[in-house]
Amino acid sequence: MKVLLSKPGLDGHDVGVKVLAHGLIKAGFEVVYTGLRKSIETIVDMAIENEVDAIGLSILSGTHLVLAQQMNEEIKKRNLVIPWFVGGNIPTLDVPKLEAIGANKAFPTGSKIQAVIACFKELKVKA
Amino acid sequence: MNDVKTKKTAEDLMVKRVFLESGIEVDPIYTSEDVEYLGIDREMPGEYPFTRGIHPAMYRKRPFTIRQYAGFASPEETNERFHFLIRNGQSGLNVAFDLPTQCGLDSDDPRALGEVGRVGMAVDTLDDFEIAFKGIDLDKITVSLTINGSAIIAIAMYIAMAEKAGYDISKLRGTAQNDILKEFIGRGTWIFPVDKSVKLVVDTIEYCAKHLPKYSPVSVCGYHIRESGANPIQEMAYAFCIAKAYTDGALSRGIDIDDFASRLSYNFDIYGNLFEQIAKFRGGRRLWAKIIKEEYGARNDKSCWLRMIAGGGGGGLTKEQPENNIIRSAYYALISALSGTQTMALCSYDEAYTIPTEKSAEISLRTMQIMIHEMGICDTVDPLGGSYYVEALTDRFEEEIKKEMKTVDRWGGIVNAVVTGKIQESVSKQAYEREMGIQTGKVPKVGVNMFTRKEDPKPVDFHPYNQEAAGNQVEKLKRIKSTRNNNKVQEYLAAIKEDAEADRNLMPPIIAAVKEYATVGEIVQVMKDVYGEFEEPIFF
């Protein structure tokens with residue numbers, strides 16, 4: 001299974017996303033990382049190019065709702081069926097909001113790496 | 001230290017072996033024989049090599065400066081918070097900027113959508129500085145600008161604002177973070193390629209050495225490097241390598257070491273083992289003094305001072321049982337004071353998940369005030385000096401930091417290590433190991449992997465995003481663009497371009513441009529046209 005990990009928006013805090021990348025690789029996933037400050041459009045382009053099975057958006061500046069909205073529109077615009085996830089500094093109240101926008105699941109700070117891995121693995125089983 | 005004895009003693013006492021995060025083994029007991037640096041018996045605070053502190057009387061004469069990080073959506077709101085902090089006894093201001101400003105984008109840039117004023121104050125033009133600092137006496141309060149990629153513009157705005165208000169800039173005090181090399185390692189608000197980014201830092205050092213001798217244009221940040229996964233030894237070693245890179249740049253412009261070294265300052269991280277951090281600072285302070293004197297030939301003792309801000313360690317705080325962070329921060333404050341810091345800023349207990357509320361910021365302030373006024377922390381200088389353990393560990397840290405700096409040399413120096421991603425790769429691996437240590441319980445964390453409780457998922461106070469302020473900021477920018485002298489702005493932007501192409505110091509043309517209300521985005525765009533942009537090596 002191949003996952004694209006991305007940093008949309010202007011936030012440059014990439015410790016968490018890189019920790020997750022290490023964790024996913026150890027668990028047998030293939031990981032492509034976008035690097036910092038990528039537009040949603042570029043992220044979706046990269047997801048298509050790399051034929052990934054899921055996209056992770058790492059956002060710690062608080063812009064998650066705005067960026068999730070953009071993500072949802074971009075995915076719809078291109079008629080894609082690809083599960084996407086949000087991780088980062090997300091207040092509890094915003095978790096259901098993100099899922100309502102279209103995120104498959106949201107992982108606030110403090111989530112266990114194993115929980116993310118389990119979630120991605122489940123995705124594979126369903127597919 | 002004698003490793004054979006360590007093992008025997010630990011076995012003798014039938015206690016388990018203990019290792020610090022840095023990998024150093026801790027003996028259960030220390031004696032005078034463990035202290036290698038014999039000079040410590042004769043060394044006085046305020047004397048080279050400053051193990052015991054940079055001033056003879058330290059806090060007995062004046063406590064450390066309290067400088068909490070603050071910055072809110074709009075310059076107006078920021079100004080209100082500044083006045084609140086000053087009324088409550090804070091002696092320095094620490095300005096947070098929003099991400100568009102830090103990345104060199106204007107508030108009306110499409111890439112800034114949703115980010116304007118979110119993590120700090122939005123700045124487009126000099127007007128925003130003038131509003132934020134309204135009613136604040138720049139001669140009395142020292143201001144720290146937390147900005148890096150576009151720091152040269154923020155410093156230029158600060159100088160322009162002071163000049164326009166009639167201050168004598170040669171007396172202006174304050175600090176800018178302006179440490180771009182660490183931004184490539186962690187935090188990520190780089191804009192230009194590495195060599196040009198370093199050149200801009202050196203521009204500010206050169207300009208300040210000539211015109212603002214009391215201003216600290218750079219605060220080298222071990223802090224973010226450690227937050228990105230470095231251990232305490234690497235934190236100091238990488239920071240020193242970075243400071244040396246800026247120093248070499250300044251020297252290559254013909255500036256005398258004694259004309260700027262005393263204005264370099266540091267920003268360090270505190271979390272984890274109490275004694276390890278204290279030894280890190282004491283050993284690091286001694287090593288830095290030796291580097292500046294022995295390698296660079298400084299004649300002035302002040303040039304050898306390791307001046308620092310240290311206090312908050314965001315990496316040590318937890319989202320679980322957030323009230324525990326109040327206690328952690330109080331310990332961090334104690335560590336910082338016992339290490340002889342010049343300035344202190346604590347992370348607020350809610351900072352692990354939001355921008356601090358007024359209440360949590362006040363708790364941080366009171367934590368430091370209680371320590372100063374009730375705990376006797378200011379009574380005597382370097383109270384841990386002479387402790388066998390602390391001195392032995394201090395020796396060891398000096399040695400280990402030096403070794404780690406040699407490793408960076410082997411990577412081709414700090415600039416090369418950043419361009420190739422070597423450092424980024426090494427710290428991110430360690431961050432993963434640390435996180436796994438916490439998640440598996442190998443690294444103890446109260447409330448996270450021990451003494452946990454089933455938490456109420458009730459929402460916490462969250463600093464709301466001020467959508468209206470963001471809108472107002474864009475409106476204000478429009479208004480300024482239509483009322484300023486646009487011919488002059490174009491003329492000054494062209495001057496910046498010309499100086500960039502000729503590789504001249506950009507401080508003078510940027511100061512001239514911001515005085516005419518050229519925007520951050522306009523100036524950065526002109527610089528990008530000449531310098532290009534950094535291409536990030538993808539490493540994890």
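Helices (H or I, at least four residues) and strands (E, at least two) are runs assigned by DSSP and numbered from the N terminus. With that in hand, here are the close-ups; keep in mind that this is a predicted model.

**View 1. Val15(B) sits in a loop of chain B.** Here we look at the stretch between helix 1 (3–12) and strand 1 (18–19) of chain B, where Val15(B) lies in the loop. Val15(B) has a relative accessibility of 42%, so it counts as partly exposed, the class between 20% and 50%.

**View 2. Three residues of chain B make a nonpolar surface patch.** Val15(B) turns up again here, this time together with Leu13(B) and Ile29(B). The patch they make covers about 250 Å².

**View 3. Two parallel strands pair up in chain A.** Strand 4 (residues 84–88) of chain A is joined to strand 5 (residues 105–108) of chain A by 4 bridges. To get from strand 4 to strand 5, the chain passes through helix 4 (residues 94–101) of chain A, a β-α-β crossover that is right-handed.

**View 4. Gly88(A) meets its partner in strand 5 of chain A.** Zooming in on the pairing, we find Pro108(A) as the bridge partner of Gly88(A).

**View 5. Stepping back to chain B, with its 20 helices and 12 strands.** The radius of gyration of chain B is 23 Å, close to the 24 Å that the globule rule gives for 540 residues, so chain B is as compact as a globular protein of that length. Its C-alpha trace spans about 80 × 60 × 50 Å along the principal axes. Of the 540 residues in chain B, 61% are buried.

How values were computed. Residues numbered from 1 in each chain as written. Chains lettered and ligands numbered in written order. Predicted model: local features only at pLDDT ≥ 70, side-chain atom pairs only at ≥ 80, totals over all residues. Heavy atoms only, no water. Patch = residues over 30% accessible without salt bridge, like charges linked within 9 Å, V, L, I, M, F, W, Y side chains within 5 Å. Areas by Shrake-Rupley, 256 points an atom, 1.4 Å probe, with all protein chains shown as cover. Salt bridge = Lys/Arg side-chain N within 4 Å of Asp/Glu carboxyl O. Buried < 20%, exposed > 50% of the residue type's maximum accessible area, 1.4 Å probe, protein only. Pairing = 2+ DSSP bridges. Right-handed = clockwise from strand over helix to strand, strands pointing away. Rg over C-alpha atoms; globule rule 2.2 N^0.38 Å.
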